[in-house]
Amino acid sequence: MVEQEISLLKTGKGEVLAQPNFAPLPCSCSGTTKDPNHDVSVTLVRVEFNGAILGESSKTDVLPNGTANYNFMTSFECSPDGPNSLADIAQKPVLLTVIEVLQRERRQKEKTMPLGQSVVDLLPLLQGQCSFKISTPLYAVLTSPLESLHPEAKGDLEVTVCTKEPLLSAVELANGNLLSVTLEAACSVPEALAATGPLQNYMACLQVPAAGEKEFPLLFKNGILKLTGEKEPLPRPKKWPLDNIMAPGALSIPNSFITGGPYEDEDGELNKREDREFRVRAESMKRIIWDMERRCYLDPFAVWPLLNGIGDLVSLKRVTVRSVSQSLALCFQGDEDKQIFFHGVAYVNMVPLLCPGVKQIRGAFRVFTYQDSEVFEKQPGNDSPSPSQCLSSQQYTEAGTFLVMEIKLDKALVPKRLREELTRRVKQMIPPRPPLPPWTAGAKKAVEDYHSRVMNIAVAILSEYHELFGKQLPDQGATDHQTLEEQKRQLNFALNSSGKYFAFKEQLKYAVVKIVREKYLKTTAFETQEQFQAFLSELYVYLVDQMHIALNQEAAPPAPPSCTTEEQLWLFAREAEVNKDYKLASLYYQQVKEPLFFPYWLDYGAFCLLVEEKTKAQECFQQALSLNPHHIQSLLLCGIVAVVLQHYEEAEIFFEDACCLEPSSIVAWTLSGLFYELQNSNIQAEMAFREAKKLLQAQLAKERSITEAAEGKGEKKHISAGCVRSPSPGPEECLPGNTGQNQEVFFCTSKVGAHCSPPLPPPGFYIVLLGFLCPWQGLSPDPCFRNKKPILGLMEISFLAAPSPGSGLSQPPCTIFMKAVEFLIKVNAIQFVHRALAHELLSLQGGPSCAYYLALAQTYMLKEELSKCEECLCEAVRIDCMNPNVWAQKGHLCYLKRDFGEAKECYERTISFVEDAADMHFVYLRLGSIYLEGKEYGQAKQTYLLACKNSASCLTWLGVGIACYRLEEMAEAEDALSEANALNNTNAEVWGYLSLICLQGGRQLEAEQCYKYTVKVCPPALLRGRQGSV
């Protein structure tokens, strides 16, 4: 950088000053408001910078309106080696002092008195500007007449600052940086720091890397000791590091404030929940206040040492705190005669500045005993600290002293990727989807509608013919041509005279218009009459041909619509997944996923993660993301499967894009933190966790406010804890489900005589049935349904262990890690679940919660580690014995261990609660199978009916059919089995029981057909087991 001359220009209002070398902008200076009791007539302006007086304006009379036009210009040189460097430009303002020239008496020397001061921040010159104009407030000097006036009436100065060329080149502006350090206070200082004895000057110094191996010191001095008092208000202005300011208001840096914030959002130490009480108490007791900001320009050669120094983990910048004697100059120069007392050191971790996009760190940092001999050797004349000094500095640790400071950069050391770049990277990682085939259904449907219209009109015309001529044909069955022509003429006359011909034509018009639009794709006007006639001829031929096709085709009944919906197919897939029939589950998932509906792709991908088909899971998640690039769950799942496949660079892109796309997503920030922790990027992980906690606190605060408002209006409803139903319902009563299930489901009952007792199945048949319904091992405990209508697994997240209304226990505090666990368990991301649960265990204050043990038990159940699962469930029951989810999971565990008696008790206890468990569908299924095995057919029937009412499937209706069959209710059994067969016609058990019912009713042919289907769809292993049992 070459030497530059900086000009400061003050001109009269509305005047223009021409300067040969600088071409400054016009500006004006308004004078101060006059004091009614003190007439200010003549003033001048003194300009100072960096401790040197740059000049004074000429004496100027104050106009009647209270303004003064000074028309004054001054300048100073700025060079790297000169007295005024870029560091001075960054942290020192131009000081303007308005001085009143008093009228002198004869033979007396002229007297002056300062009235007010203004400061001009030169920072815009380091931000690429060559000139700027500013109106800076004029603050009153304590001894001036302006002190008694209202602050808004003290006037201002209009100043223009300009340079001939930019201070920084384009390269320096792009690669350089500006470092700002604000030291707010030192809190909880030792008792020995009392305002007794010699006056002390409290100082702190921070070493900042500069070009080469140099270090630039940032010195904070003139700290003010406050013994007691209230905490400083927020926001409050930051102060200039100046000594020669006579107006206290001029010490405040314009547009720069200390805003504070929650302790949990800080980057330093003492930001935990348990530190809050100490921080609040310390910040209102004995403390040293600076509120001072120091700036430092970092050229490109100084940015790299800072960046590399942090990266090498030699990043604990030393901040020394000391109390010295009154003489600041001697202290700053390191005079050997001045002893240093209470010498301490604080270490500021600057590693967070290496995180992408981070430009600021702020927090509290503990002060420790000063023992760094290398730092102390930099003080001339002191080779090592004396024992008395070390002993005194121990008091910092005993008192718990800490510094509150902020380090801020103008530009992040590591730039954050832009949203556009992340989107582009994601698109590059997602393979392009093939183009959709051309839409042909519209034309086909238009032709089908035309056929339908023609048939309807033909039937109507035939009805008119029958009314005119009757339905009986001649004896020979033929009519001569003349008679037919006469009948045609009469029919045409009847249709035209009655208006029916016009009505038929109107009915056909809409179908013809659809054919023109959909089949011929003609929607615009014709250019010539010839084109129009040619098109009409072609259309007429086509319509006549289609009319003959419609009249000559045989009337065939349309195919019955499918009885299964997407939700039912998803339920069937979940049942097969629970039963470890992964082949059938995969078949259902492939049927349920629509090409243009991404939630089903997510469910299928989660299933592929369960069966460890990682590549197929990646394809499913990427397919979902290609359908909706802005879907947060798709991005997160792509990131999770990328981590499983060890594609860490891709995973980082997905997680970062999710957080950028939805900054308010707690789960996205939490999963990003878990990923960064996996990569040993602890600082980025901590920042992601902190952001997630901040969002969770805001969400909980909003929910609390809504709840309090509802309580204030008396709208909150309290649910009694004593609403517990009987655990053993009778054959004629329904078991209680959720609160919305109050209507019972019945079939028409028909009495069957004793002589019609159905044949009993062979021994061991129920074991085969139980094995077919639910195999002994591998129950997936993921929550499934809580409502009547099935919901998609990844579209809604519910709490794992919400306490029941009658538990008598307060709800455990919701954490970001449990919110992530709820999402991760649904997608079978066990690796991330364990990491989140580990954090949950460390973050809890009163020990693990019921939700923690329940989630851990589910992971063990997925891995078939039943003994560990049992230990976790015992702890969960101990914490909250009124939680239906806990008893449901315990019932599943006992069922897998074939302890049917204990499983039955757990399931009955689960359905007795007012609030349903998360997976009531499988609770009903398994409890019903236990009732069947125990020959409690009435209770089995009612339990399966509740399952049908909650979420019907082939297995639920099969259970109802078996129970009715054993109760000799053949009509109801056949109806239930027919429902099951309509939902799934490949279930061998359904066909087998239908065969038995047909045999019982004497329908041999139907029984034989059902038996053939049973053999056809029955798995070979099950068929061999049946033959062996017979």
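# Worked exercises on a predicted model

Leu 219 has a relative accessibility of 6%, so it counts as buried (under 20% relative accessible area, with exposed over 50% and partly exposed in between; 1.4 Å probe, protein chains only). This is a predicted model, where local features need pLDDT of at least 70, side-chain atom pairs count only at pLDDT 80 or more, and totals for chains, interfaces and linings use all residues. Residues are numbered from 1 along each chain as its sequence is written, and side-chain values use heavy atoms, with hydrogens and water left out.

**Exercise 1.** Work out which strands pair with strand 7 (residues 112-120), and whether strand 7 is enclosed or open.

*Solution.* Pairing takes at least two DSSP bridges between two strands. Strand 6 (residues 94-101) qualifies, running antiparallel to strand 7 with eight bridges; Val 101 faces Thr 112 of strand 7 there. Now try strand 9 (residues 139-140): two bridges tie it to strand 7, again antiparallel, and Gln 117 has Tyr 139 of strand 9 as its bridge partner. Finally, look at burial: seven of the nine residues of strand 7 are buried, so the rest of the structure largely encloses this strand.

**Exercise 2.** Describe how helix 18 (residues 648-661) packs with helix 19 (residues 666-678).

*Solution.* Two packed helices are described by the angle and the distance between their axes. Here the axes come within 9 Å and cross at roughly 155°; they are lines fitted to C-alpha atoms over the stretch in contact, with angles from 0 to 180 degrees between N-to-C directions. Helix 18 is therefore roughly antiparallel to helix 19 (over 145 degrees; under 35 is roughly parallel, 65 to 115 roughly perpendicular, the rest oblique). Then list the contact residues (heavy atoms within 4.5 Å): among them are Tyr 648 and Phe 655 of helix 18, and Trp 669 and Phe 675 of helix 19.

**Exercise 3.** Sum up the whole protein.

*Solution.* Count elements: 34 helices and 20 strands. Then take burial: 47% of the 1030 residues are buried.

Note on methods
Helices (H or I, at least four residues) and strands (E, at least two) are DSSP runs, numbered from the N terminus.
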